[in-house]
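Student: I am new to this structure and would like to work through parts of it. May we look at it together?

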Amino acid sequence: MSQIMGQPVTETFDDVAPPLLAIEQLGKRFGGFVALDTVDLSVPAGQRLGLIGPNGSGKSTLVNCISGTLQNETGSVSFGGRRVDGVPAHQRARLGLARSFQLPRPFRSMTVAENIRVPLLYTVGARHGVHLTSSELEDRCLEVLSLVALQDKAKKSPLDLTQVEMRKLELARAMAAEPKLLIADESMAGLSHSEVEDIVALLIRLNQRGITIIMIEHIMRAVMAFSQRLVVLVSGRKIADGAPDDVIKDKDVVGAYLGT
Amino acid sequence: MQFDLLINAIIAGLMLGAFYAAVTAGISISFGMLDIVNIAHPGFIILGSYIAYIVNAQFGIDPIIVAILALPVFYALGALVYGIYFQSFERRGQDSLRGLAFFFGLLFVTEVGLILAFGVDYRSVGTSYVGGSITLGPMEFPLRMLVPAIVSLAMFAALQLFMSRTFIGRAVMAVSQDPQALELMAVDPTRIKRIAFSLAMATCAMAGAFLIVIQPVLPSSGREYIGRVFAICVLGGLGSLPGTLIAALLIGVIESIATTFYGPSWAPAVSFGLLLLTLAVRPSGLLGR
Amino acid sequence: MRTPLFTLILLAIAAALYLAFRVIGNDYLFFLGYVVLQYVVIATAWNILGGYCGYVNFGSAGFFAIGVYSTIFFYNIGQSPEDVFPEFMLAPMAWIFPLPLPVLIVLGGVFAGLIGLGMGYLTLRLRGVFFAIATLALAVVLETFIVNWSFVGGSRGAYVIPPESVPVFGTFIQYLFVLMLLLAVASLAAARLIERSRLGIGFATIRDDELAAEASGVPTLKLKLIATVLSGALFGMAGAPFPFYIGYVEPNSAFNLSYAVNAIAMPMIGGTTSWIGPMVGALILSTLQQIVTVTISSAVNLLITGLLLIGFVILAPNGLVGLWHHWTARRSNS
C-alpha cells in the first residue's frame, strides 16, 4: 500500500465540508471474479479527479456502481450526504449524478438535438418540476450543444457523426442533466492529439462552472493535464491516491503498470 | 394404491424429462450459448415428427432410425436459417425485435405449411415397441416412453462430450463468453455459430421422432412446447447442458405428478408457472452463480 | 397538428365511413369492416409496446382472449344471476345486469391491463427477450385456465346471443361496427399523442438504449409497465365485443394464433415507428386476408401472412412507411 494514501496531500483535499461523493468499503463480484474489493473514495465538491488503472482493474465497474448501472454488493455509496446504493440509476441522475459511456451510446433513432432533449425532459424537468415549453427546450438543447460545438449538427442523426463528435455528444448529453458530478468514462480513446486537447479543455471549462468531474482515462497526457488529484485502481483495489505528480512516481503504481 | 401411483408418476416423469431434455437441447445451444432466440425451434421439431411419420408410413422404417438419417438434412437447414439470420439481423445489429419476429414467422409458416400438407388430423407411427412395456414389481416402463428416453439420454451425452472435448465444442462454449478471445485464436465466430446453430437444428430431427413415438402429433403440437423448452432452458441456467438435463427431469417429474393427481389438462400451466417463478426469483437458473 | 384537431379529423373520417356504409346498406360490409377495424386496434396496441419500446409481445392472442372471456363472464352472470349471487342481492343485480357493451369493453380493458401489469412486473426487469418468452407461454396457460373453467364454457365453448336490433343503429352489427370504429379512432389518437409526448420520447429511449436511458434520468421500468398496461388494455378492449360479433366462442377461436401473428405482422409490414404504420398494415393485410379467405382458403391466407412477415423483416425493416419515405426521398433528390 502506498505511503501517500490516507494523507491529505494539500489543504484543498481536506474534508472540511462533507464530500460530494463518499464511497466506503465498496465491493462487487461477478461470479467468482472480484471486480471491486473494498474501495474507499471521497470526492469533495469542485474537484477534478483522474482515475487510472490497467484494463480490468475495476474502473468501469466502479463507475457503474457509482452511477447505478450496477448495484454494489458490499459497502456504501453516498452522494450529497445521502445514501444512494440501491437507488436506481435514473433517480441518481436526477440527484445530479451524470455519466458518459466508454463506448458512446446515443439514442440512434433520434436527432442530435433530441438526444439532448431526453435529459432535459427527464432529469432537469423532473428535478425542478418545471414544464419547459418546446421553444425553451430547443434553446436549451442548442445551448448545451454549443458547449461542445455541435450546434450545427443539431438536426443530424448521431449515426452520421464522426468519432470525436459522437464522444462530444455523449458528454453533452451528460451535461444537459445539469449534474453536480460528471463521470467521463474514457471519453478520448482513439482520438487524435488535438481532439484530446479539445476534450480536456472542455472538461476543465465545465469544472470551472462548478461541476465536480471524475475522469477515467488511459491517455496519461490528458490525465496529467486535467487532474488535480489522481487515484490508481489495480485489481479492484485502490493502490494510490494523491497529487498527480507524486502518484505517478509511486513505486506501487510504477510496478503495477510495468507488471512486476 | 397411492404410493404405487406416486412411484409410477415419478418414473413416467423421469422418462418424460429425458425426452424434454432432447427437446430443449437445441434451445440450450442456440439461445443459451449463441444468444439467438430461436422460438421456431418447436416448429422444426414438429417438422421432424412429420418427416418421421412420412418415411415410417411409406417404408415402415423405425422413426428413430429415420431421424438419424435425417440429421444431415436438418443440419443443412440449420446452416441455411442461420445464414439468413446472420445476413439480415445479426450483422446489421438488429437482432432483437426483428430477429424475434423472423423466428416467429418461421414458426408460424412451418405450422401452416404442415396444416396445408397434412391437414389438422393427428398422425402417429407404427413401431414394434409402441404397445409394449416392461414391468418391474409395481413399476411400469412403457416402451414408447422408455426407448425415446434412453436414446435421448445417449444423444445428450454425445452433445455434452462434443461440447467439452472437441476444439469446436469448446469454441462454441467460448463464443457466448468472449467472442474476442476467439478471434485471437484465429477462429471465425460466425463459422462457429453456424456450426452450433446447425447442430441445434439437427437435434430437432431426433426430438421430433421421439415426440411422435410418445404420442400422436398435430401441426400445432409445437406450441405446447414453447413455454416448456424455455422454462427448462432458463431453469437449467442458460447454456449449461447438465443444467438443462436436471431441469428437464425436474419439470418432467413435476408435470407427471400434476397429471396423475390433478388431471392432464393442467400440465401446460406447470411449466409456465415455473418459468415465471424462475424469471422472478432466480433468472440465473438452478445452477447459476 | 394538435391532438384535438387530429382526433376531430379522424372522427369526421369515421363518420363519413359509417354513413357511406349505411347508404350502401349491406350488412356484409359492416361484418367485414368490423374485422378490419378490430385489427387496426390490435396492431396499434401491439405497436405501443413493440414498436415504441422495442419489447416483443407474442401473447397478443392471450390478451385479446382476456377481453373476450371477461365479456362472457359478465354475460353469463347476467344470464343466471341466481347461480352467482345470494337471494338478497338479486334485486340490485337485476338493475346492473346485463351490462351494456361499452361497459363490457372497459372491463375487458381493465382485466387485460392488469394481467399485463402483473406479467410485466415479473419479467420486465430482465432482458427484453425474457419478456417475449413469457408472453409466448402466457397464451398457452391462459388457454389452459379457460379450458378448465366451466363457468365460461370450458372447452365446450359459450354462446352469446346478441339482441336482434338496437335503437338508432338498426341492426346489431351496425352497433358493433360503430363501437369498434370509435375504439379504432381512440387508439390511433392515443398512439399519436403518446408518440409526440414526453412519454413517447421516453419509450423511444428504451427502444434505442436502456442503459443510456436510465443514465439520462428515464425511469425505464415504470415506462415499460405503462406501455404494457396500455397495450394490454387495448387488446382486451378489442376482444371484449368479439363474443357478440361471433355468437359462439370456444377457446380455440378466442386464442387463435392468427391474432398473435397479425398483431406482429401488421405493424412490421406497415412500419413500427409511428402510428401510421400499424394502421396501414392492418388495413392492407386484413383486407387482403378477407379476400384470400373468401377466394382461396383460410390456411393459405395465414401462410401468406407468415411469408409476408418474414419477407418484410428481412427486406424492408422499416415496413411500407419506411419504403414510402425512401421512395419520396429518392424522388426529391433526383
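Tutor: A residue is buried if 20 or more other C-beta atoms, placed from the backbone, lie within 10 Å of its own, exposed if 12 or fewer do, and partly exposed in between. This is a predicted model, in which local features need pLDDT of at least 70, side-chain atom pairs count only at pLDDT 80 or more, and totals for chains, interfaces and linings use all residues. Residues are numbered from 1 along each chain as its sequence is written, and chains are lettered from A and ligands numbered from 1 in the order in which they are written.

Student: In strand β6 of chain A, are the residues buried or exposed?

Tutor: Strands are DSSP runs of E with at least two residues, numbered from the N terminus. From β6(A), residues 97-100, Leu97(A) and Arg99(A) point one way, whereas Ala98(A) and Ser100(A) point the other way. Whichever way they point, all are buried.

Student: Which residue is the bridge partner of Ser100(A) in β7(A)?

Tutor: Strands pair if DSSP finds at least two bridges between them. Four bridges join β6(A) to β7(A), residues 181-185, and the two run parallel. Within β7(A), Ser100(A) has as its bridge partner Ala184(A).

Student: Why does Asp37(A) count as partly exposed?

Tutor: Asp37(A) lies in strand β2 of chain A, residues 33-43. Because Asp37(A) has 16 C-beta neighbours inside 10 Å, its class is partly exposed.

Student: How many residues does chain C bring to its contact with chain B?

Tutor: Residues are in contact if their C-beta atoms, placed from the backbone, lie within 7 Å. Chain B gives 35 residues, and chain C gives 34 residues.

Technical notes: Two residues are in contact if their C-beta atoms, placed from the backbone, lie within 7 Å.
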